[in-house]
Amino acid sequence: MKSETITSEQLYDSGLNVTHNKQYSINNNQTTSAVGIAILIATFLLMMTGGFLVYKFQSDFDQFHIDRINSTWGYPFLILTTALFLFKAGVFLYKSFLYFKYKPIESVSDELLPTVTIIVPAYNEGKLVWNTLLSLADSDYPEQKMQILAIDDGSKDDTWYWIQQAKIQLGDRLSIYQQPQNKGKRHALYRGFKLGTGDVFVTVDSDSIVKKDTLRNLVSPFVNNEKCGAVAGNVHVLNNKKAMLPKMLNVSFVMSFEFVRSVESVLGSVFCTPGALAAYRKTSVFACLEEWINQTFMGEPSDIGEDRAMTNMILKQGYQVLFQRNSIVLTNVPEGYTGLYKMFIRWGRSNVRENLMMAKYVFKNFRTGSKVGTRLLYLDQTAKIIMSVPFLLFMFFFIAIHPLLFFSSTLVSIFVISSFSAFFYAKKYSFSESMWAYSYSVFYSFSLFWITPYAIITAHKKGWLTRGLSEKKVEEYVNLEQYSSVAK
């Protein structure tokens, strides 16, 4: 059975009121098919070349392996890589088994739905925040049970103007607030948590659009499962028709959420509830709120990874954290290389920090029931982080000694590993779009391989890295003080 549609055009056609379709329109101009086809053809030509070179230099590969085994470090290295391969293969089979056990929780009736406070922090988001707020207000959720808060975190562009425009349109359904200065997303969310009156908090990024049934699907697990402390939404790419990188990331996101988080959800241990869309039980938030807002790393206040940190602290309390595949949000992703690697660095640093935090409780009796699966997934993630440094060093060594062998074997490996992602996406959505899994793997392997090692050695650094404005861009905006205040 095909999964639910994910393109923004279909989302608006099927999910939002016809009268609002023009208001919610996003400029998702199709990237020329000729360029896309050329990139896909080039990707497969590269992989075919890699396969040919592996066949052509088979004797060289054999000799390289013999020389490596006979070297001082070769045999221990062989044992280590074999053990890691068997571990990863075993974990993959275990994940596949869990995936087929996963089922999203069905939506409950209006009467059973809890009261929710939806918090939308915004910084330098422009008109996108207006689209976000209107899509939330258009949700199939009882109005009397919804509290929507928009918090401008000291933006330097016209974000506050568009928040006020949403306020004018939505009236009392929306409450808006403006931070006196930019203090970071964590502080904006903290203010929202303190102001919230709902039994469930929902956080939504200000560059995201939700489907009509997203909210009710997202919060239904809290009704059916008293042990549920948080729920992760299903994030897809909104601007996947505008550029090549979003097209690639869309396939990657589907794998990351609909496979990885489905597996984690079966164990009640989703490691990260994404900032784009997440829900939290109010009691679980307030049990760790002060620790969360005052969190530090190496003596410095934490200003990144607020979503992973909150998830960690809720898991530590003994709650389950689940994933709702039927709760879809479309969010914008970087369209250029610079924005993409900055986003990945931020995520990488957060993973390093929170994996260290998770180590403090995951091997303890942090909750009732089996914890073996959670610990296995944690070890798998930790091994991926730790081994990134030695494998980076080995990669440079391999390139220096046998560059052709390295590039050919890497391309063949990309084909084998990416085929699973491509098959997974094709089965659920589109065969033609699934081919971007290969292009993304080639792109990541040769241009973003350094992210995790760099994140490890710079884990102490602060900064969001993205969404900043140049001085020239700031000057283009009208002074925000001229806008009349309509905040409550």
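This is a predicted model: local features need pLDDT of at least 70, side-chain atom pairs count only at pLDDT 80 or more; totals for chains, interfaces and linings use all residues.
Reader: Where does Thr117 lie?
Author: In strand β1, which covers residues 116–122.

Reader: Is Thr117 buried or exposed?
Author: Thr117 is buried, because its relative accessibility is 0% and the cut-off for buried is under 20%.

Reader: What else does Thr117 touch?
Author: Leaving out residues up to four places away in sequence, Thr117 touches Gln147, Leu149, Gly196, Thr197, Gly198, Val200, Phe201 and Val202.

Reader: And Leu195, where is that one found?
Author: In helix α7, residues 185–195. Leu195 is partly exposed, at 32% relative accessible area.

Reader: Which residues does Leu195 contact?
Author: Gln147, Leu149 and Tyr177, with neighbours within four places in sequence set aside. Gln147 and Leu149 are also among the residues that Thr117 touches.

Reader: How far is Leu195 from Ile119?
Author: In sequence, 76 residues. In space, 9.6 Å from C-alpha to C-alpha.

Reader: Let's do charges. How many salt bridges are there?
Author: The structure holds 11. Side chains of opposite charge can pair when their charged atoms come close.

Reader: Are Lys185 and Asp205 buried or exposed?
Author: Lys185 counts as buried at 15% relative accessibility. Asp205 counts as buried too, at 11%.

Reader: What about Lys194?
Author: Lys194 forms a salt bridge with Glu290, with the closest N and O atoms 3.6 Å apart. This pair links distant parts of the chain: Lys194 sits in helix α7, Glu290 in helix α11 (residues 289–293), and 96 residues separate them. Glu290 is partly exposed at 40% relative accessibility. Lys194 is partly exposed at 46%.

Reader: Which residue does Lys242 bridge to?
Author: Glu335, with the closest N and O atoms 3.6 Å apart. Lys242 lies in the loop between β6 (228–237) and α9 (244–266), and Glu335 in the loop between β10 (320–331) and α13, so parts 93 residues apart in sequence are tied together. Lys242 is partly exposed, with a relative accessible area of 35%. Glu335 is partly exposed, with a value of 35%.

Reader: New topic: rings. How many aromatic pairs?
Author: The structure holds 34. Take Phe363 and Tyr378: their ring centres are 5.9 Å apart and their planes stand at 75°, so the pair is edge-to-face. Phe363 is in the loop between α13 (337–358) and α14 (372–386), while Tyr378 is in helix α14, so the pair ties together parts 15 residues apart in sequence.

Reader: Buried or exposed, those two?
Author: Phe363 is partly exposed at 46% relative accessibility. Tyr378 is buried, with a relative accessible area of 6%.

Reader: What about Phe398 and Phe406?
Author: Their ring centres are 5.9 Å apart with planes at 75°, so that pair is edge-to-face. Both residues are buried.

Reader: Which residues do ring pairs link into a cluster?
Author: Phe92, Tyr99, Phe100, Phe259, Phe420 and Phe424.

Reader: Now the surface. Which residues make a nonpolar patch?
Author: Ile37, Ile41, Leu45 and Met48 make one of about 410 Å². Leu45 lies in helix α2, residues 33–56. Leu45 is partly exposed, at 48% relative accessible area.

Reader: What is the phi of Asn124?
Author: Positive, about 50°, although Asn124 is not a glycine. Asn124 is in the loop between β1 and α5 (128–137), and is buried at 10% relative accessible area.

Reader: And the phi of Met298?
Author: Positive as well, about 55°, and Met298 is not a glycine. Met298 is in the loop between β8 (296–297) and β9 (300–301). Met298 is exposed, with a relative accessible area of 64%.

Reader: Last one: how many helices and strands in the chain?
Author: 20 helices and 10 strands. Of the 488 residues, 54% count as buried.

Terms used: Residues are numbered from 1 along each chain as its sequence is written. Side-chain values use heavy atoms; hydrogens and water are left out. Helices (H or I, at least four residues) and strands (E, at least two) are DSSP runs, numbered from the N terminus. Buried means under 20% relative accessible area, exposed over 50%, partly exposed in between (1.4 Å probe, protein chains only). Contact means heavy atoms within 4.5 Å. Patches are made of residues with over 30% relative accessible area and no salt bridge: like charges are joined within 9 Å, nonpolar side chains (Val, Leu, Ile, Met, Phe, Trp, Tyr) within 5 Å. Accessible areas come from the Shrake-Rupley method with a 1.4 Å probe; for residues, only the protein chains shown count as cover. A salt bridge is a side-chain nitrogen of Lys or Arg within 4 Å of a carboxyl oxygen of Asp or Glu. Rings of Phe, Tyr and Trp (its six-membered ring) pair if their centres lie within 6.5 Å; planes under 30 degrees apart count as stacked, over 60 as edge-to-face and the rest as tilted.
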